[in-house]
Amino acid sequence: MYDPKSMKATEFIDDSEILETLAYAEENKSNYELINSIIERARDCKGVTHKEAAVLLQCDIDELNNKMYELAKEIKQNIYGNRIVMFAPLYLSNYCINSCVYCPYHIKNKNICRKKLTQDEVRKETIALQDMGHKRLALEAGEDPKNNPIEYILECIDTIYSIKHKNGAIRRVNVNIAATTVENYKRLKDAGIGTYILFQETYNKANYEVLHPMGPKHDYNYHTEAMDRAMQGGIDDVGLGVLFGLNTYAYELVGVLMHAEHLEAVFGVGPHTVSVPRICPADDIDVGDFTNAVPDEIWQKIIAIIRIALPYTGMIVSTRETPKNREKALELGISQISGASSTSVGGYAEQEEENTAQFDRNDTRTLDEVVLWLMELGYVPSFCTACYREGRTGDRFMALAKTGSIRNCCHPNALMTLKEYLIDYASDKTKAVGEALIKKELLTIPNEKVRAIAEKNLELISEGQRDFRF
Ligand code: SF4
Ligand code: SF4
């Protein structure tokens, strides 16, 4: 029985509710009045339900699809302006006892070289990332209680936060590790993590169990209820995502929105981020084996609908996607992207000799190239990490986001962190484009007092000071 407030996975992600929703959407895919009314109502930035989102997804009226894309762009602009937050993944270990059939780290893959970073290697990776200009990381590790116990992850987090190379610092460490206990989530919280990220992969239980035939991840309920335990452990910024291509995309879109509704219903705060990865080639993984591959246009429509449904939730796209796809996704709703990522264990400090990558990248540009590209597209790349460091997390963050007042922090923070990047890491060309952009964007800060403080801080950054934030 569907119940968004239930703490049981099969009740808040109820299969029959999803199937009924999909049938309802199919029946209404040409219902002009209904679809138009959903779009019009969503202009208030209060989101739409999973049922309404499903109807938008099935909509087969060109005029309304275009209207939907325009609305997604409008919401993106109103809430996020032209800022794009930058981050990089850091792979700690590819030891894994699970058997996910879509991931090369699965236990049966004997081709791949298994590797786990020592603390010295974590140090080297962190320095390499700092030297590029990164301030925000997403840690990645397979599930292996012997090789990657929680103590190892905590030690890595400590090491990363402790390193200050030249003007570099990693100021926010997000963590993407396997579902765990409330106790372990508390320990992650105490270690100062930002967002806890865990992809559901697929919300379809039967399909999930086939795709995860062995290992602890086989337990659908334990995996699906992980965000509840993370919240109970005090982590109030959680990141959802599915791997599009494993099941039908419509099922997954409804599932992820029901998950968001569940978090909102139980904890009063929805997900901090949603990621939208699609299955892509890797060692031992042939995309042709997955028959639900999502074409570009549908993927873009999914992004637009998530932006409409969850206006205040950050949306993330990785280097799985090509620059061209990333450009389109940015327009329609993406607010965070990775740049210059290595998807290998130890891939930042040293050129990869052994095969340890989780997936093939389709955007291999340097961070400087990505930053310049964003600015030439009219965006302001932001290395801001202020909120979690100022205690603006969970419902505190959402309250500020929903009243729009967070904008007073995001924009000056974006300009100040971009300034740091330009001085410390950028090429001459990027620097010139960036300085002109900062000058222009300063004028768009509406509050005079905030603008004056930002101007003063930018001068101090030029003189060598770092780490200002609103
Ligand atoms: Fe292990 Fe995660 Fe890969 Fe599954 S997806 S095999 S849990 S690393
Ligand atoms: Fe993100 Fe907060 Fe910085 Fe805005 S001020 S970019 S919401 S961390």
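This is a predicted model: local features need pLDDT of at least 70, side-chain atom pairs count only at pLDDT 80 or more; totals for chains, interfaces and linings use all residues.
User: Which residues lie nearest the centre of the largest cavity, and which elements give two or more residues to its lining?
Analyst: The lining of the largest cavity consists of 25 residues, and those nearest the centre are Tyr80, Val85, Arg136, Phe397 and Cys410. Two or more lining residues come from each of helix H5 (62–80), strand E1 (83–93), helix H16 (386–389), helix H17 (394–403) and helix H18 (407–424).

User: From which domains does the lining of the largest cavity draw at least three residues each, and how do its residues divide by class?
Analyst: By class, the lining of the largest cavity divides into 13 nonpolar, eight polar and four charged residues. At least three of the lining residues are drawn from each of two domains, namely domain 2 (82–364) and domain 3 (405–462).

User: Which space is taken by ligand 2, and which residues are around this ligand?
Analyst: The residues around ligand 2 are Arg136, Cys384, Ala386, Cys387, Arg392, Phe397, Ile406, Cys409, Cys410 and Asn413. Of these, Arg136, Phe397 and Cys410 are also named among the residues nearest the centre of the largest cavity. The space that ligand 2 takes is the largest cavity.

User: Which element gives the largest share of the shell around ligand 2?
Analyst: The residues of this shell divide into seven nonpolar, one polar and two charged. The elements that give two or more residues to the shell around ligand 2 are H16 and H18. The largest share, three residues, comes from H18.

User: Which space is taken by ligand 1, and what surrounds this ligand?
Analyst: Ligand 1 is surrounded by Cys96, Asn98, Cys100, Cys103, Tyr105, His106, Gly142, Lys217 and Gln358. These shell residues divide into four nonpolar, four polar and one charged. The space taken by ligand 1 is the largest pocket.

User: What is the volume of the largest pocket, and what lines it?
Analyst: The largest pocket is lined by 50 residues, and Glu140, Asn176, Phe199, Glu201 and Gln358 are the ones nearest its centre. At least two lining residues are supplied by each of several elements, including strand E2 (136–141), strand E3 (172–176) and helix H10 (220–224). By class, the lining divides into 28 nonpolar, 15 polar and seven charged residues. The volume of the largest pocket is about 910 Å³.

User: Which element gives the largest share of the lining of the second largest pocket?
Analyst: The second largest pocket has a volume of about 410 Å³, and its lining comprises 21 residues, with Lys46, Glu264, Ala309, Leu310 and Lys402 nearest the centre. The elements that give two or more residues to this lining are helix H12 (249–267) and H17. The largest share of the lining, four residues, comes from H12.

User: From which domains does the lining of the second largest pocket draw at least three residues each?
Analyst: Divided by class, the lining of the second largest pocket has twelve nonpolar, five polar and four charged residues. At least three of its residues come from each of domain 1 (9–76) and domain 2 (82–364).

User: How far apart are the closest N and O atoms in the salt bridge of Asp120 with Arg123?
Analyst: Side chains of opposite charge can pair when their charged atoms come close. Asp120 and Arg123 both lie in helix H6 (residues 119–132), three residues apart, which is about one turn of the helix. The count of salt bridges comes to 28, taking 4 Å as the cut-off. In the salt bridge of Asp120 with Arg123, the closest N and O atoms are 3.5 Å apart.

Methods: Residues are numbered from 1 along each chain as its sequence is written. Chains are lettered from A and ligands numbered from 1 in the order in which they are written. Side-chain values use heavy atoms; hydrogens and water are left out. On a 1 Å grid over the protein atoms alone, a cavity is a set of points where a 1.4 Å probe fits but cannot get out, and a pocket is an open set with protein on both sides within 12 Å along at least five of seven lines; lining residues have an atom within 4 Å of a point. Ala, Val, Leu, Ile, Met, Phe, Trp, Tyr, Cys and Pro count as nonpolar, Asp, Glu, Lys and Arg as charged, and the others, Gly among them, as polar. Domain bounds come from an automatic or database domain assignment. A residue is near a molecule or strand if one of its heavy atoms lies within 4 Å of it. A molecule sits in a cavity or pocket if more than half of its atoms lie within 2 Å of its grid points. A salt bridge is a side-chain nitrogen of Lys or Arg within 4 Å of a carboxyl oxygen of Asp or Glu. Grid points are joined across faces, edges and corners, and a volume is the space filled by probe spheres set on the points.
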